[in-house]
Amino acid sequence: MLSNADVLSLLLTRQPGYSLPQPFYTDPDLYQSDLRHIWYRDWLMAGTVAEFPKTGSFTTLQIGDAAIILVRGADGVIRGFHNSCRHRGSRVCAAEKGTAPKLVCPYHQWTYELDGRLLWAREMGDDFDPTQHGLKPVHVAQAAGMVFVCLADSAPDFAPLQREADRYAGPHALADLKVAFQSSITEKGNWKLVLENNRECYHCSGSHPSLCRTFPDDPNLVGADDSTTSTVGAQHVARCEDAGLPSKYVIAPSEQWRFVRIPFLGAATSYTMDGKAAVTRRIGTVPFDDAGSCLFFHYPNTWNHFLSDHVLIFRVLPVSAMESLVTTTWLVHKDAQEGIDYDLNRLTEVWLHTNDEDRRIVEENQVGIRSPGYTPGPYSRAQEGGVIQFVDWYARTLQSRLTGRALMAAE
């Protein structure tokens, strides 16, 4: 079994600018270290307010061993709880999503209010105090209509992310959107391979024919650095900023999250096969159709695209050392009607193709890394700056938490 000292030793001996040593992608003990020191301590993308349209709307998540339920209360507040009955621990809700007037454990029917209070427990005796047996809460926070959860006893400061999310994603008005479609796929690959694959477009031209009709694979636009290093990117940012649409590159001091707005290729305005809008109803206060895509990542589990006609939310959850769950949500204007304002196949086909292509890439990557012939290889600094940035964030974060010392990002 790998101890904390073993994991720290692996971190200290890794070669910067290279992929990680094999155990980081394959070892069950190292996966448990990831859960303890990252997934159970950081803010995680859970979904959007559009998934909780009314009182009693709920969703459930599985984050490692932690079963979570999120539910909108009668007061409109979205709260999070451990999905574990306070009687004998049974999972209270097994469905992925739905609507319920109360939360009722199926084992012995202990019944909870939507705010987590225990309302009814049969034949527990006169000395039983229901106020001491409510569902255990988890931290929940919102930023521009996105819902985040944190499993830590004390959650990290959410205010800086909330402030920038409200500026950059706020104009897309997620509170006024609805879910048009949602897909979940299981990728047989470590969660870090999923994130690494997302953080570069070195592979795009050879792997994503549908996406590359509209999405630029210029590393100066989509890599780790400021998109204004690209002339096209700088012009696009300036045009959007002049129209009052926040677009300049901004990144957290820790490098955990980033916002930047980039243009599409040519005259494209959306992720469609012909480049034209997928939805006829523009969303929020986005001033023009060709506003490009506002890209937002937040480690360890989300990347997102905010367009003028729809929004794409991507969420990654770890399943095991070599398995991850990737959920994609397409959001459109709440009054948009399928068949009139948008065609569902046209809205989703580009990213359904791209997601499946990425799944195959990640799974082949995982198979190759399991080989005894695998040794860490060098990243392309020209094309994989985003991967280097992610891996450095991961290693720096894990090392600081293993040693109990804060390590700031390199200047």
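Reader: What makes cysteine 201 and cysteine 204 a disulfide?

Author: Their sulfur atoms sit 1.9 Å apart, and a disulfide is a pair of cysteine sulfur atoms within 2.5 Å, so the pair qualifies. The structure holds one disulfide. With -100° about the S-S bond, this link of cysteine 201 and cysteine 204 is left-handed. Keep in mind that this is a predicted model, where local features need pLDDT of at least 70 and side-chain atom pairs count only at pLDDT 80 or more, while totals for chains, interfaces and linings use all residues. Residues are numbered from 1 along each chain as its sequence is written, and side-chain values use heavy atoms, with hydrogens and water left out.

Reader: Why is cysteine 201 called buried?

Author: Buried means under 20% relative accessible area, exposed means over 50%, and partly exposed is in between (1.4 Å probe, protein chains only). Cysteine 201 has 8%, so it counts as buried. Cysteine 204, at 3%, is buried too.

Reader: What makes arginine 396 and glutamate 255 a salt bridge?

Author: A salt bridge is a side-chain nitrogen of Lys or Arg within 4 Å of a carboxyl oxygen of Asp or Glu. Here the N to O distance is 3.8 Å, and the side chains of arginine 396 and glutamate 255 meet in a salt bridge. Arginine 396 lies in helix α10 (residues 385-403) and glutamate 255 in the loop between β12 and β13, so the pair ties together parts 141 residues apart in sequence. Helices and strands are DSSP runs (H or I, at least four residues, for helices; E, at least two, for strands), numbered from the N terminus. Glutamate 255 also has a positive phi, near 70°, though it is a residue other than glycine.

Reader: Is arginine 396 buried or exposed?

Author: Buried, because its relative accessible area is 15%.

Reader: What about arginine 346 and aspartate 274: what makes them a salt bridge?

Author: Their side chains meet at 2.8 Å, N to O. Arginine 346 is in helix α9 (residues 344-370) and aspartate 274 in the loop between β13 and β14, so this pair ties together parts 72 residues apart in sequence. Arginine 346 has 24% relative accessible area, so it is partly exposed, and so is aspartate 274 with 47%.

Reader: Which residues are joined into one network?

Author: Start with aspartate 356 and arginine 359, whose side chains meet in a salt bridge of 2.9 Å, N to O. Both lie in helix α9, three residues apart, about one turn of the helix. Salt bridges that share partners join Asp356, Arg359, Arg360 and Glu363 into one network. By the same rule, the count comes to 16 salt bridges.

Reader: Why is glutamate 123 called exposed?

Author: Because its relative accessible area is 74%. Glutamate 123 is in the loop between β8 (118-120) and β9 (137-143).
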